[in-house]
Amino acid sequence: MKIPALIAVLLIGIILFWAVEDMPAFGDPDAPANHHVAQMYIERTRPDIGIDNIVTAILASYRGFDTLGETAVIFTAGISVVLLLRRGGEQ
Amino acid sequence: MRENVVIRTVARLSIPFIQLFSLYVIVHGASGAGGGFQGGVVFAASFILMLIAFGLSGIRSRLGEKGAMVLATVGLFIYAGIGLLCTLFSGNYLEYAAIESALGIPHIHAFLIDIVEAGIGITVMAVMTLIILDFADREGMIRD
């Protein structure tokens with residue numbers, strides 16, 4: 001067993017558990033994540049877009065550019081796998 | 001694997017239902033749980049089942065490497081094309097509300113989201129199929 005590695009792991013673990021104390025409780029309405037734009041999404045999805053699913057509204061409409069990038073990432077990953085795995089063109 | 005009657009019969013029975021369910025998941029994305037990513041993966045799972053049951057030649061006669069590559073590109077271009085369509089209606093890129101206000105059709109925003117989800121689903125399905133085809137071809141494990 002490597003003593004310095006163990007000490008480093010324990011130290012980082014203690015820091016992480018120390019930080020957990022400052023995190024908001026699960027489902028806390030006063031949490032910072034529920035204050036920024038979440039309220040606007042819940043209120044405006046129905047009049048803006050006219051669909052019921054708020055997750056899809058954020059994914060495909062409010063943050064459509066992000067999802068376009070995600071699709072491009074999947075496409076690029078597929079092309080990379082093909083480039084790495086496919087055999088040469090001779091056979 | 002080709003002589004196993006049970007696997008082939010079960011696969012033949014369940015593949016249409018898996019594909020139908022994946023289309024339901026894609027179309028249902030606007031009103032409930034679902035979407036292009038999930039539906040595309042379920043559709044690719046039906047192709048993986050086809051590969052296990054019928055071998056490489058069984059899946060290549062339906063969707064080969066070249067076809068999957070073209071489909072992956074087509075799905076991405078559907079998404080990007082919808083974005084460009086919004087600029088033609090004097091909106092920003094991917095601003096569906098511009099098309100809605102220009103044409104005056106009330107529910108076209110949700111319809112455009114469905115088209116975009118279908119594009120995502122096509123790309124995810126094609127990329128998953130492409131990866132599994134190349135793995136099966138390279139490893140030499142699945143032969144017919």
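Predicted model: local features only at pLDDT ≥ 70, side-chain atom pairs only at ≥ 80, totals over all residues.

Me: At what angle do the axes of H2(A) and H3(A) cross?

Reply: They cross at roughly 70°, and the axes come within 10 Å, where axes are lines fitted to C-alpha atoms, for helices over the stretch in contact, and angles run from 0 to 180 degrees between N-to-C directions. That makes H2(A) roughly perpendicular to H3(A) (65 to 115 degrees counts as roughly perpendicular, under 35 as roughly parallel, over 145 as roughly antiparallel and the rest as oblique). The helices themselves are DSSP runs of H or I with at least four residues, strands are runs of E with at least two, and both are numbered from the N terminus.

Me: Which residues of H2(A) and H3(A) meet?

Reply: From H2(A) come A:Tyr41, A:Ile42, A:Thr45 and A:Ile49, and they meet A:Ile54, A:Ala57, A:Ile58, A:Ser61 and A:Tyr62 in H3(A); two residues are in contact if their C-beta atoms, placed from the backbone, lie within 7 Å. This contact of H2(A) with H3(A) has 7 nonpolar, 2 polar and no charged residues, where Ala, Val, Leu, Ile, Met, Phe, Trp, Tyr, Cys and Pro count as nonpolar, Asp, Glu, Lys and Arg as charged, and the others, Gly among them, as polar.

Me: Switching topic, how many residues of chain A are in contact with chain B?

Reply: On chain A there are 22 residues in contact with 27 residues of chain B. Helix H3 (54-62) and helix H4 (64-85) of chain A each supply at least two residues of the side that touches chain B, and H4(A) gives the most, with 12 residues. That side of chain A divides into 13 nonpolar, 7 polar and 2 charged residues.

Me: And how does H4(A) pack with H3(B)?

Reply: H4(A) and helix H3 (residues 65-88) of chain B pack at an angle of about 160°, with their axes 10 Å apart, and they are therefore roughly antiparallel to each other. Here A:Leu68, A:Thr71, A:Ala72, A:Phe75 and A:Gly78 in H4(A) meet B:Ala72, B:Leu76, B:Tyr79, B:Ala80 and B:Gly83 in H3(B), a contact made up of 7 nonpolar, 3 polar and no charged residues.

Me: Where in chain A is confidence lowest, and where is it highest?

Reply: In chain A, confidence is lowest in helix H2 (residues 38-49), at a mean of 86, and highest in helix H1 (residues 3-20), at 93; the score is pLDDT, the predictor's confidence in each residue, from 0 to 100. Chain A averages a pLDDT of 86, and 95% of the residues score at least 70.

Me: What about the complex, what ipTM does the predictor give?

Reply: The predictor gives the complex an ipTM of 0.84, together with a pTM of 0.82.

Note on methods: Residues numbered from 1 in each chain as written. Chains lettered and ligands numbered in written order.
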